[in-house]
Amino acid sequence: MRIFLRDHMVFVLLYLFNMIFLFMFYRNLGGFETLENTYYFIFLSSFLLGVFLLYRYFSYKRLYEKLSKTPSKLEDTLSSAGNAPVSEGVNRLLRAQYNLFQEQIQMYKRKQAEHLTFIHQWVHQMKTPISVIHLILQENQGEPYIENIAQEMERISRGLNMALNMARLNGFEHDFTIETVPLHALVSEVVNEQKRYFIRKRLYPEVRIDLGMSVKSDRKWLKFILEQLLVNAIKYTEGENKKVIVLAYVGEKGKVLEVKDQGVGIPRQDIRRVFEPFYTGENGRRFGESTGMGLYLVNEICKKLDHQIEIESKPGEGTLVRIVFTD
Amino acid sequence: MEYKIMLVEDDDSIAKLLGSHIEKYGYKTITVRDFDRILDIFIEANPHLVLLDINLPKYDGYYWCRRLRQVSINPIILISARDGEMDQVMGIESGADDYITKPFYYDVVIAKIKSQLRRCYGEFAPDVSEERKVELEELTLYPERPELYFNGNVAVLTKKEAILAEILMRKSPRSVSRDVLMEKLWDDQVFIDENTLNVNVARLRKKLQEIGIEDALETVRGHGYRLNVTWRKMG
């Protein structure tokens, strides 16, 4: 309505101006014999203006309604703006634009899908050379240089694993099942997979979880979360004879799983942003081994699984990540 | 009896490494190179067990697994880079008996081969009757008892000491790093720290002393330990 009024103000002004001008002109010529005639003139003119405005309003009503409402999705712009000539034009324009957009979106979707397929295949392909190197390393275990290579191999494997899970995250909706996951068994599994890393950094894992405790989650994704948290805990701990503690308990909001380290901690200015993608912060620069994707992925997965995640850290004392499995 | 193991793996390096490792354990291996004729080769050679890769040119491992199942019930172990749950389920549904993901450990492959053979061919399995034995000059370790023999003397070891003794004897005269020793000692339930290693090395030294071997277990500074054959001159 407001757009309609603003749009037609100029018509109204022109009409009024025209009317007053004609009125004066007629009166000067002595065209009005009685006062009634004058009123009649004014009434007739106003009436015609009113009818005109009403006609315009009703024939363009849908267009103006459409213009005053912000669309919330792409399809909203496709609703008809009416049959008046301008409305028809707007309809055609929007439809054409919609189609052009759709074409582009489809193209990007196709590219994205191709890219994901590529990542999947590539990661699996990379596993073959890794397997070969892995076998050669096993045959020569114990030599000092072999251990250095093994260390770097582990880094490559971790990176590939992350890339694969990053790609999988896109199809998350088709790729998860909520089941009962026994916590102790899962945590032990992940800790054991990281044993070389623990040993190399001279860190000692401590698992304090009741054998009977289990949570509702997706096993595979929860395992990935735990892996990321443990790798972070190990990576950002310096000095010997420190611990990484994994414990679980029943809290107020539900079961809680904590991964606690005695590492370097996260500087206060960085902690708000650790869940942002590609954000590495000061520790990333210092340790030079971070992609800024680990915690981002963890947070995304937690959101999708409906788990809450909290992080606390004191620089120099350590970091605590808490996952709350809300009932 | 010699077991024949058929190896279907399209990466030459893996096939070669894995094949030669399996042969060390006294199995005969047949490595398939022509991936269109997997079924024919199987029927010709009639292996006791098949190690089958999933990513193969043309038809995948699932397909071949189903084809093999039509003619044989011999154990099939799939080896694949795909580690998803669905991949494993599909593998087992196609008739495979076990599933190994890449990258894998030799020990795991050998253990799974042994277990399948034991299950399928029972008492003929080669390793069941024979006890494992590690020898270094006159020093003999029986890891399964676990006992250490030298010059007619016996020392009874703990499990951890036996693990240490075995790797040090196998690697002698080379040294073994602390990292490797700790990794071997690491238990799935009880995680070990530096101290555990020190304690176990000290105990092993004492037991070596008890059976008459002095100063053989040497500390290599900044690296690990080495078992030197110091007892040769005495003999």
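**Figure 1. Lining of the second largest pocket in the predicted model**. The lining residues of the second largest pocket comprise one nonpolar, seven polar and five charged. The volume of this pocket is about 310 Å³. It is lined by 13 residues, and those closest to its centre are Gln121(A), His124(A), Gln125(A), Thr128(A) and Asn55(B). Helix H4(A) contributes the most to the lining of the second largest pocket, namely five residues.

**Figure 2. Packing of helices H4 and H5 of chain A**. Helix H4 covers residues 85-139 of chain A and helix H5 covers residues 144-169 of chain A. The two pack at an angle of about 160°, and their axes lie 10 Å apart. Angles over 145 degrees count as roughly antiparallel, and H4(A) and H5(A) are therefore roughly antiparallel to each other. Their crossing is left-handed.

**Figure 3. Residues in the contact of H4(A) with H5(A)**. From H4(A), the contact takes in Leu116(A), Ile119(A), His120(A), Trp122(A), Val123(A), His124(A), Met126(A), Ile130(A), Ile133(A) and Leu137(A). Facing them in H5(A) are Ile146(A), Ile149(A), Ala150(A), Met153(A), Ile156(A), Ser157(A), Leu160(A), Ala163(A), Leu164(A), Ala167(A) and Arg168(A). By class, the residues of this contact are 17 nonpolar, three polar and one charged. His124(A) of this contact is also among the residues closest to the centre of the second largest pocket.

**Figure 4. The largest cavity, lined by residues of chain B**. Two cavities of 30 Å³ or more are found in a search of the whole structure. The largest cavity holds about 40 Å³ of space. Its lining consists of Leu139(B), Leu148(B), Ala165(B), Leu168(B), Met169(B), Leu204(B), Leu208(B) and Leu227(B). Helix H7 (159-171) and helix H9 (194-210) of chain B are the elements that give two or more residues to this lining. H7(B) has the largest share, with three residues. The lining of the largest cavity counts eight nonpolar residues, no polar and no charged ones.

**Figure 5. The second largest cavity, lined by residues of chain B**. The space in the second largest cavity is about 30 Å³. Leu7(B), Val8(B), Glu9(B), Ile14(B), Leu18(B), Leu51(B), Leu52(B), Asp53(B) and Ile79(B) line this cavity. At least two lining residues come from each of strand S1 (4-8), helix H1 (12-24) and strand S3 (49-53) of chain B. S3(B) provides the largest share, three residues. The lining of the second largest cavity has seven nonpolar, no polar and two charged residues.

Note on methods. Residues numbered from 1 in each chain as written. Chains lettered and ligands numbered in written order. Predicted model: local features only at pLDDT ≥ 70, side-chain atom pairs only at ≥ 80, totals over all residues. Heavy atoms only, no water. Axes fitted to C-alpha atoms, helices over the stretch in contact; angles between N-to-C directions. Helix = DSSP H or I, 4+ residues; strand = E, 2+ residues; numbered from the N terminus. Parallel < 35°, antiparallel > 145°, perpendicular 65-115°, else oblique. Left-handed = near helix turned anticlockwise from the far one by under 90°. Contact = heavy atoms within 4.5 Å. Nonpolar A, V, L, I, M, F, W, Y, C, P; charged D, E, K, R; others polar. 1 Å grid on protein atoms, 1.4 Å probe; cavity = no way out; pocket = protein on both sides within 12 Å on 5 of 7 lines; lining within 4 Å. Points joined across faces, edges and corners; volume = space filled by probe spheres on them.
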